[in-house]
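Colleague: I would like a close look at one part of this model. Please keep it brisk.

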Amino acid sequence: DSDVQDLEETAQAMETASDAPLSVIFVGIGETTDFRNMQFIDNDRQERTLRDIAQFVHFNEFCRHSQKFTREALQEVPQQAVDYFHAQKIKPKEPAKVTDKEVLMLPVEEVVPLEIEFDRNQQPFIKSGGHEDHDIFRELLED
């Protein structure tokens, strides 16, 4: 039934893992499943865990919008990484110092407009644009 069978065991596992360099993303799939029990995982549970490592996303809310789904699923990961580094007292390294001579700048030959959409089966296709003679984007999408 795609629901967590033992909420307390899951909560305990999350508590145990909360001091590891780990982010956990739970994805709920299905229309009929009640995911209210999963919301406890996504809430900041600072009272039971060392840090928030979990994110819950209901797939059906974003299934037709892959970018929105990706953004929702990954939105907490950067802060979770920062929280881990702070908890472990890991300081960032000094920024690399690079001179202009060390940066390779290639000339831009042309800008190719490309519009990609998704069909009913969520398969990408090129709606317009791209090169006619050698279109690497078309080749990649066909694979």
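Leaving aside its neighbours within four places in sequence, which residues is His58 in contact with?

Modeller: This is a predicted model, in which local features need pLDDT of at least 70 and side-chain atom pairs count only at pLDDT 80 or more, while totals for chains, interfaces and linings use all residues. Residues are numbered from 1 along each chain as its sequence is written, and side-chain values use heavy atoms, with hydrogens and water left out.

With those sequence neighbours set aside, His58 is in contact with Gly28, Gly30 and Phe35. Contact means heavy atoms within 4.5 Å. His58 sits in strand β2, residues 54–58. Strands (E, at least two residues) and helices (H or I, at least four) are DSSP runs, numbered from the N terminus. His58 is buried, at a relative accessible area of 18%. Buried means under 20% relative accessible area, exposed over 50%, and partly exposed in between, with a 1.4 Å probe and protein chains only.

Phe62 lies in the loop between β2 and α3 (66–74). Phe62 counts as buried, at 15% relative accessibility. Not counting residues up to four places away in sequence, Phe62 touches Val57, Lys68, Phe69 and Glu72. Phe62 and Glu72 are ten residues apart along the chain, and their C-alpha atoms are separated by 8.7 Å.

Now strand β1, residues 24–28, which holds Ile25. Ile25 is partly exposed, with a relative accessible area of 34%.
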